[in-house]
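Student: Could we go through this model together, a few questions at a time?
Tutor: Gladly; have the structure open as we talk.

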Amino acid sequence: MGWRIWLEKKQLWIQLSFYLLTTTLLSLLLPLSFLLVARLSTSYSLFSLDPHPITHPSNLSSIIISLFIETNPSLLHALVFLIAAATLFHGLTGQTLFIAEPPEPNSRPNLCISWILLCTLQLCIGLGIEAIIAAGIDGDGFGHERNSSGRIVFVFLLGLHETMLYWWRGVVKPVVDDTVFGFLREERWVERAVMGCGFGALWWWRLRDEVESLVDMVEYESETPMGVGIAGIVGWWLYYLIVTIGMVRIVKGIITWVGVILLYRLEAANPDDDVENEDLEEV
């Protein structure tokens, strides 16, 4: 009997560990997509100036590079912009888009949308990374010599984290919950803590150095005879859309904090009202 209980606990621990690892990795697809968009925007601008900067190692690599570097990666841009716009809409109105409810018959269409978004973004990121590796593009160091002291890096970081949380709640968590458990689980602080640690590690490793190229590319392209391209404009819009999400989050936090302080002071200034209300209830 004790052996069976031990096996059940071990199986549950393995299941929960797999669930935690899966949700964390799939949640990090969103910040990873911003890193990829920054790399693709940089490489697209550089290739527009020098159409033959590398020697393609194979036919497959040539096709991938042609699809995701030499042309505008519109699908990846559209997906990232859609998720960011939905996060901003949620921050302003409190309403949610493409959020899947517990797996009941009437909520299957939303769950299918989550599956489609997750698989499409994962495919775009996988092929985009393959294209970057095949092309030998390294975005590290690009734009570091430019003056980026005016960038609101902390606000962008907060906005990107808020966007990742929306991606996790609206797409990743419903899909993984339905696959692993068959029902929608409640949020746990452990899941958010591990996901936050993973996001912080990704930000410290690469994102904080390369995400500035989303804005720097516009300045760089404006100084060239070719002018600003579509990829640069989209990257610029994405950067400041995430900054707007971070600003909305900060303003809402300040309003909530001020409201709590005012309510606490009102209750402390009128203690007699509470006593009178209690006496009336007793009568």
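Student: How far apart are the end C-alpha atoms of helix 7, and what span should its residues give?
Tutor: Keep in mind that this is a predicted model. Helix 7 covers residues 189-210, and at 1.5 Å a residue its 22 residues should span 32 Å. That agrees with the end C-alpha atoms, which are 30 Å apart.

Student: Where is the kink in helix 7 centred?
Tutor: The helix bends by about 55°. Among the buried residues of helix 7 are Leu202, Trp203 and Arg206. The kink is centred on Trp203.

Student: What span should helix 4 have, and how far apart are its end C-alpha atoms?
Tutor: Helix 4 runs over residues 74-93, which makes 20 residues. At 1.5 Å a residue it should span 28 Å, and this agrees with the distance between its end C-alpha atoms, 28 Å.

Student: How many salt bridges does the whole structure have?
Tutor: As a reminder, side chains of opposite charge can pair when their charged atoms come close. One of the pairs here is Arg185 with Glu191, at 2.9 Å from N to O. A search of the whole structure gives a total of 4.

Student: Which helices does the salt bridge between Glu162 and Arg249 tie together?
Tutor: The two side chains meet at 3.7 Å, N to O. They are 87 residues apart in sequence, so the bridge ties together separate parts of the chain: Glu162 lies in helix 6 (residues 153-180) and Arg249 in helix 9 (residues 230-269). Arg249 is partly exposed, at a relative accessible area of 41%. The helices you asked for are helix 6 and helix 9.

Student: What is the distance between the closest N and O atoms of Glu187 and Arg169?
Tutor: These two residues form a salt bridge. Glu187 is in the loop between helix 6 and helix 7 while Arg169 is in helix 6, so the pair ties together parts 18 residues apart in sequence. Glu187 is partly exposed at 37% relative accessible area, and Arg169 is partly exposed at 31%. The closest N and O atoms are 2.6 Å apart.

Student: Which helix gives the most residues to the nonpolar surface patch?
Tutor: The patch is formed by Phe81, Ile233, Trp236, Trp237 and Tyr240, with about 500 Å² of accessible area together. Tyr240 lies in helix 9 and counts as partly exposed at 31% relative accessibility. The greatest contribution, 4 residues, comes from helix 9.

Student: How far apart are the C-alpha atoms of Ser41 and Val215?
Tutor: Ser41 sits in helix 2, residues 29-49, and is buried, with a relative accessible area of 2%. Val215 is 174 residues away along the chain, yet the C-alpha atoms are separated by 10.0 Å.

Student: What share of contacts with a separation of 6 or more joins residues 24 or more positions apart?
Tutor: The protein has 10 helices and 0 strands, and 39% of its 283 residues are buried. Among contacts with a separation of 6 or more, residues 24 or more positions apart account for 84%.

Terms used:
Residues numbered from 1 in each chain as written. Predicted model: local features only at pLDDT ≥ 70, side-chain atom pairs only at ≥ 80, totals over all residues. Heavy atoms only, no water. Helix = DSSP H or I, 4+ residues; strand = E, 2+ residues; numbered from the N terminus. Expected span 1.5 Å × (residues − 1). Bend = angle between axes of the 7 residues up to and from the residue. Buried < 20%, exposed > 50% of the residue type's maximum accessible area, 1.4 Å probe, protein only. Patch = residues over 30% accessible without salt bridge, like charges linked within 9 Å, V, L, I, M, F, W, Y side chains within 5 Å. Areas by Shrake-Rupley, 256 points an atom, 1.4 Å probe, with all protein chains shown as cover. Contact = heavy atoms within 4.5 Å.
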